[in-house]
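Here's a quick walk through a structural model, written for someone who likes cut-offs spelled out. Have a look at it first.

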Amino acid sequence: MGHDAVGRKRGSVAVAAGGAFYDAVEETARALYIKALKDVPADIRTAITQAYAREQHDVAKKILSLIVRNVEIADERRMIVCQDTGTPIFWVGLGTAVHVDGVRIAEALRAGIERATRDHPLRSSVCHPLTRENPQTNTGYRIPVIHWEFLAGAEHVELLCVPKGSGSENMSFLRMLTPADGVDGIRRFVLESVVEAGANPCPPCIVGIGVGGSADACMVLAKRAAVRRIGTHNPDPHLAALEVELLEKINSLGIGPQGVGGDTTALAVHIEHAYTHITQNPVGLNMQCWRGLRAEARIHPDGRAELGNSSLSAPRPF
Amino acid sequence: MAEVRLTPPLSEADIRPLRVGDWATLEGTLLGVRDATLIRIFDHHQAPPIDLSGAMLLHTAPNVRKVGDRYEPLSVGTTTSTRMDRFTEPLLREYGVRGFIGKGGLLEGSVRAMAEHGAVYLTIVGGAAAWQTLHIEAIEAVYWEDLMPECLWVFMVRSLGPLLVSIDSHGASTYADVKQAARQRLSELLAKGQSRGPVSDPGDSPRGA
């Protein structure tokens, strides 16, 4: 049996997910939300340790050492790292060899967040945008935010949970540059945005940049970039080079940890791109604060779940 | 660079000697406020139920567990202060607040108000809530529970620090200094790298079609 252009097995029949699968989605969503709040991902820990070793400013070094100490305390006492329980966001990677009911997945994700909030308990950080009524569940109309992607040929479903902190999310920017602004325009926009954000997003940050697409797609790309594992690079060499260049320039701005000065303003710069209209040159910026909240899992149609890295925190084609 | 211990209520004389770059540790009573708390006081004109004179305010909305009629702290961290910048001056002028513990800093108007009234801004490490929570001995009282989690909190803290004096009562601000230096560095970077003129204003650039 051969494979088609996107890796699907020819002639294969999708496995139908049963009731145990949706129970597992709910339980995994609950577990991932809490894990993302308590357990700083390994790549972020490494990046913080390396930043501490490189940092030349005394105050900045002291702040980075407190950050390291905080991560240790959260590990030892099983506490959440930061008080901000965030806006719950999921990426769902749907294996194309599994037949699933998307509505039941969405309901299970919401139920998992609500159960974590009630049982842990966790602060509810979600409210109505006008009345500001807080349902005390960390959910609401269109929350959790869910992004759907497809995993060609896979016989499982992947989840990436990002409880997005507000300090960094409030420092989000979009600019519809012109083709004449060119790559220099993108560089300028990124550097100006990081300076404007200053201390607010809890630096050192992971700077996520979306380039191209439409206005809406550009911001989703920026968020996608912000939740990529540190150490991954854009597969296009032009953009990979721009990631390296911008990281160096951002860290020469002197904003430093918590914005009180130093060499470590960003832990990483990630760019995700899409082709765009001939009149357009969109660029969006979305940051993760230093704790880089993220937790992932793979769920099989029979309900078995494996926590750990998934393909969703790496650059992906769809 | 001095290291000081502060125990509210604080007087102007306690605050004035502090200078940007000093380190402080807080003992005793610390009040927690956030967006909704301050909106209620200043936009909905409801006087706070407790005396704020001499108080230190923490910009926070904690994770708590209710046990009987008391709340236990699960995670007490710090939120971005700049969002609540416009409440700084009236908190100092009308209520005699002596300082803030926050992250992200406060803006120019607040820096001026803190110089005029004698108040200080202490930076705590944002995101380091697990560490911070170990310094919270108890939640003594909670007012305006309907705003949960953005209530008016009364925390009892022990040796909460190190806290960096980043805005003092003499008009100095680490945040302003760092931002000014970053802007300077930014213009150097752009002058070096830019082959053309500045990016056109989105308002007057050709759009569409």
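Predicted model: local features only at pLDDT ≥ 70, side-chain atom pairs only at ≥ 80, totals over all residues.

Residues are numbered from 1 along each chain as its sequence is written, with chains lettered from A and ligands numbered from 1 in the order in which they are written.

**Domains of chain A**

Chain A is assigned domain 1 (15-39 + 81-165 + 293-310) and domain 2 (167-288); such bounds come from an automatic or database domain assignment. Their centres, taken over C-alpha atoms, sit 26 Å apart. Domain 1 of chain A puts 8 residues into the contact and domain 2 of chain A puts in 5, where contact means C-beta atoms, placed from the backbone, within 7 Å. On the domain 1 side, strand β5 (residues 157-164) of chain A supplies the largest share, 3 residues. Helices (H or I, at least four residues) and strands (E, at least two) are DSSP runs, numbered from the N terminus.

**The core**

The largest nonpolar core holds 141 residues, and A:Cys161, A:Val207, A:Ile209 and A:Leu267 have the most contacts inside it. Both domains of chain A give residues to this core, so it lies between them. The term covers buried Ala, Val, Leu, Ile, Met, Phe, Trp, Tyr and Cys residues joined through C-beta atoms within 7 Å. Buried means 20 or more other C-beta atoms within 10 Å of a residue's own, exposed means 12 or fewer, and partly exposed is in between, with C-beta atoms placed from the backbone.

Which residues does A:Leu267 touch, leaving aside its neighbours within four places in sequence? Among them are A:Ile44, A:Ala47, A:Ile48, A:Ala51, A:Pro204 and A:Trp290.

**Helix α2**

Four of those names come back here. Buried residues of α2(A) are A:Asp43, A:Ile44, A:Ala47, A:Ile48 and A:Ala51. They cover an arc of only 135 degrees around the axis, which puts them on the same side of α2(A); the arc is that of the directions from the helix axis to the C-beta atoms. On the other side, A:Ala42 and A:Ala53 are exposed. The cover over the buried residues includes α3 and β8 (266-276) of chain A.

**Between the chains**

Chain A brings 52 residues to the contact and chain B brings 51. On the chain A side that touches chain B, α3(A) gives the most, with 9 residues. That side divides into 23 nonpolar, 16 polar and 13 charged residues. Here Ala, Val, Leu, Ile, Met, Phe, Trp, Tyr, Cys and Pro count as nonpolar, Asp, Glu, Lys and Arg as charged, and the others, Gly among them, as polar.

| Feature | Where | Value |
|---|---|---|
| cis peptide bond | A:Pro203 to A:Pro204 | omega near 10 degrees |
| cis peptide bond | B:Gly161 to B:Pro162 | omega about 10 degrees |
| positive phi, not glycine | A:Gln258 | about 65 degrees |
| positive phi, not glycine | B:Ser159 | near 45 degrees |

A:Pro204 is in the loop between α6 and β7 (205-213) of chain A. B:Pro162 lies in strand β9 (residues 152-167) of chain B, and B:Ser159 is found in strand β9 of chain B.

Conventions
Contact = placed C-beta atoms within 7 Å.
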